Every structure is written in structure tokens, then in C-alpha cells.
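Here are some comments on the charged side-chain pairs, for you to read alongside the coordinates. Please check each pair in your own viewer as you go.

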Amino acid sequence: MNFTGSHILSVNQFDREAIEQVFQVADRMLPYAKRQKRTTVLNGAILGNLFFEPSTRTRVSFGTAFNLLGGEVRETTGLSNSALAKGESLYDTARVLSGYSDIIAMRHPDAGSVAEFAEGSRIPVINGGDGANEHPTQALLDLYTIQKELHAHGSTIDGMHIAMIGDLKHGRTVHSLSKLMCLFNNIRFTLISPKELAMPTAIINAIENSGHQYTITEQLAGSLDADICYQTRIQEERFSSQDEANLYRGRFRLNHQVYTKHFQSKTVIMHPLPRDSRAEANELDNDLNLNPNLAIFRQTDNGVLVRMALFALTLGVENIVSKFDQNVHWHVNS
Ligand code: NCD
């Protein structure tokens with residue numbers, strides 16, 4: 001895959017070689033992310049960070065990643081604060097905003113909207129989540145995390161067993177991650193959700209057509225020899241009413257007792273975050289916070305590395321980052 005100058009809109013653009021390329025560049029970003037040294041390779045470059053839907057870690061980590069490469073970040077947040085609320089088309093907004101920066105990261109509540117925006121853009125656009133459709137950078141950071149966590153246990157993505165739990169219908173992170181995992185061999189998927197929130201048929205077909213095994217169930221039951229337990233939030237913003245979302249919030253609560261009953265002592269616990277910690281949901285209990293298998297904050301740290309890699313690749317500087325190294329002068333907590 002030729003990254004330079006390309007949009008990153010969907011995981012469908014990736015093959016295993018492209019994934020490996022992203023992961024290798026991400027590995028090289030660690031000293032910068034840990035502030036052991038800095039680079040100014042993107043000095044003067046501007047990221048347009050357009051978030052038309054709520055976000056904390058995706059928006060801030062895109063911005064952080066760009067800053068860590070020496071670039072500057074211009075933020076636009078909220079649909080109601082933009083001219084889209086005055087009826088401007090995504091095409092026009094893209095034509096305009098792509099004149100103001102070198103690359104754009106964008107999130108929008110409608111499926112397909114980021115691709116539509118990209119058609120009007122003169123610069124690369126990275127999809128930070130389009131409705132219930134896709135979240136390619138999250139899938140890459142999740143897969144990067146899975147690879148690292150499994151490597152520490154002496155195993156690989158090929159042959160792994162993943163349990164995905166919760167709102168598999170509206171969760172774009174599980175859609176993109178499942179599609180990426182289809183590129184690997186002999187994966188076992190256990191898909192646990194209320195039947196109304198089951199994984200979309202198109203994703204099931206992709207899993208089946210790539211020769212993987214899957215089980216669909218409404219219950220978290222028995223003991224699962226899963227390598228990864230991937231918990232998700234009920235995506236309340238995608239329901240027609242809060243009351244409807246409330247039917248499902250709290251259905252699957254993962255806490256120490258549930259984890260010990262259903263999973264192996266080495267099962268890695270993941271969640272794209274935010275976890276809904278309100279009492280009526282509490283989908284991932286604080287009593288797991290000190291469990292060494294809880295990888296949620298390793299995921300968020302890895303997100304910076306993967307997003308730095310994607311910026312370096314799309315702007316064509318992946319091989320010259322260290323030419324612009326500088327020492328840091330402040331106290332660093334490594
Ligand atoms: C996810 C998203 O926005 O799709 N969050 C994220 O980007 N880390 C998952 C969610 O909001 O539940």
C-alpha cells in the first residue's frame with residue numbers, strides 16, 4: 001500500500017503487509033512518545049482536527065501525535081459550531097478546510113460522511129470514526145495492542161480466540177477490528193451481545209468467508225479460553241431514545257468475579273473506552289483496575305504511537321523522523 005498522500009478511510013484499504021509497515025513505524029515512535037527525545041520532522045505542518053461528535057482520547061491523541069512529530073494542530077469541535085449547521089455540504093467544507101492545513105483527521109456522526117468529505121479534500125483525510133460504520137485507527141491500535149500483549153504470552157494473532165462483548169451492532173470499533181482480523185489465520189470469535197445488538201451480517205459474512213470460526217451467543221456463560229476479552233459500551237447515541245438504550249446498559253458487567261468465573265487467568269481485558277462507569281451500566285468495574293491483564297491504558301498509549309506512524313506515512317516522512325532529533329531539557333517520567 002502506498003501511504004503517501006492517501007486518505008485512510010477504512011480498514012478495507014489494508015493488507016497484512018501494510019499493517020506490518022504501520023506497526024514497524026509505530027515501534028520507532030516510542031522514544032518520542034515517552035519524551036526521551038523530540039523530533040521536528042513536521043515543523044510547520046498543520047493538522048486540521050475536525051471532530052463533529054464527542055471524543056476525548058481519539059481527538060487528543062491525534063493532536064498529541066502530530067505535536068510529537070513537531071507539527072501544529074488546529075481544532076474544530078461540534079457540529080453546531082460549524083457551517084455544516086448552516087447547510088454547507090461536506091464537499092464545500094472539505095474544499096475550504098483542506099486549503100488551511102496539510103492533513104485532516106475527522107469524526108462525524110454519519111456513516112460514510114468522512115469518505116464523502118474526503119472527495120472534496122485536496123489533502124489526506126484520516127477517518128476518526130464515521131457513525132456506526134468504521135474506526136480504522138482504533139482498529140489498528142487495538143490490533144497493535146493485541147499483538148504486543150499476545151507476544152508477551154508467547155502467542156500470536158494467528159490462531160487467537162477473541163470474545164467481543166456488548167453493543168456489537170453499533171460499535172464501529174468492533175466492526176473495524178473484526179475486518180482487520182479477517183486478514184489473519186484461524187481466528188476464533190465469540191460474539192456476545194443481546195440479539196438486538198448482534199454483529200451486523202456483513203461482518204459475520206466477512207468472518208465466515210475468510211475461514212474463521214465464530215460463535216454467536218446472548219450469554220456470557222461457561223469458561224471461555226479466550227486470549228482477549230474485548231468489552232464495549234452500549235452506544236446510547238445511536239439509539240432512538242435513552243429508554244431504548246437503557247434496556248441494554250448493564251446487561252454485561254465485567255468485574256473481578258465475572259472475569260475469574262468465565263476467563264483464563266491470562267486473558268487480556270480490552271475496551272476502546274470510554275467505559276460507562278455509571279452505576280446502571282458499570283460495564284468494566286474498577287475492581288479490575290489493578291489486574292495486570294487490564295490493557296485499556298496500554299491501548300490509549302499505543303494509540304499515540306499508531307497515529308504518529310499514520311501521520312509519518314501519509315506525509316511521507318517515516319524514514320527521516322530521526323534526522324530531526326533533538327534532546328529534551330525537562331524532567332521525563334519514563
Ligand atoms: C469509541 C468510538 O468512539 O467509537 N471510542 C474511541 O474512539 N476510543 C468507542 C465508544 O465510544 O464507545
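A salt bridge here is a side-chain nitrogen of Lys or Arg within 4 Å of a carboxyl oxygen of Asp or Glu.

1. The model is predicted, and it holds 14 salt bridges by that criterion. I comment below on some of them.

2. E149 and R298 form a salt bridge in which the closest N and O atoms are 2.6 Å apart. Because E149 lies in helix α6 and R298 in helix α11 (residues 296-314), this pair ties together parts that are 149 residues apart in sequence. E149 is buried, with a relative accessible area of 11%, whereas R298, at 32%, counts as partly exposed.

3. A salt bridge also joins the side chains of E134 and K179, with an N to O distance of 2.9 Å. E134 sits in the loop between β5 (125-130) and α6 (136-152) and K179 in helix α7 (residues 172-181), so that distant parts of the chain, 45 residues apart, are linked. E134 counts as buried at 2% relative accessibility, while K179 is partly exposed at 22%.

4. In the salt bridge between E236 and R278, the closest N and O atoms are 3.2 Å apart. The pair ties together parts 42 residues apart in sequence, because E236 lies in the loop between β9 (228-231) and α9 (242-246) and R278 in the loop between β10 (268-270) and α11. Salt bridges that share partners join E236, R249, D276, R278 and E280 into one network. Within the pair, E236 is buried, with a relative accessible area of 16%, and R278 is partly exposed at 42%.

Note on methods
Residues are numbered from 1 along each chain as its sequence is written. This is a predicted model: local features need pLDDT of at least 70, side-chain atom pairs count only at pLDDT 80 or more; totals for chains, interfaces and linings use all residues. Side-chain values use heavy atoms; hydrogens and water are left out. Helices (H or I, at least four residues) and strands (E, at least two) are DSSP runs, numbered from the N terminus. Buried means under 20% relative accessible area, exposed over 50%, partly exposed in between (1.4 Å probe, protein chains only).
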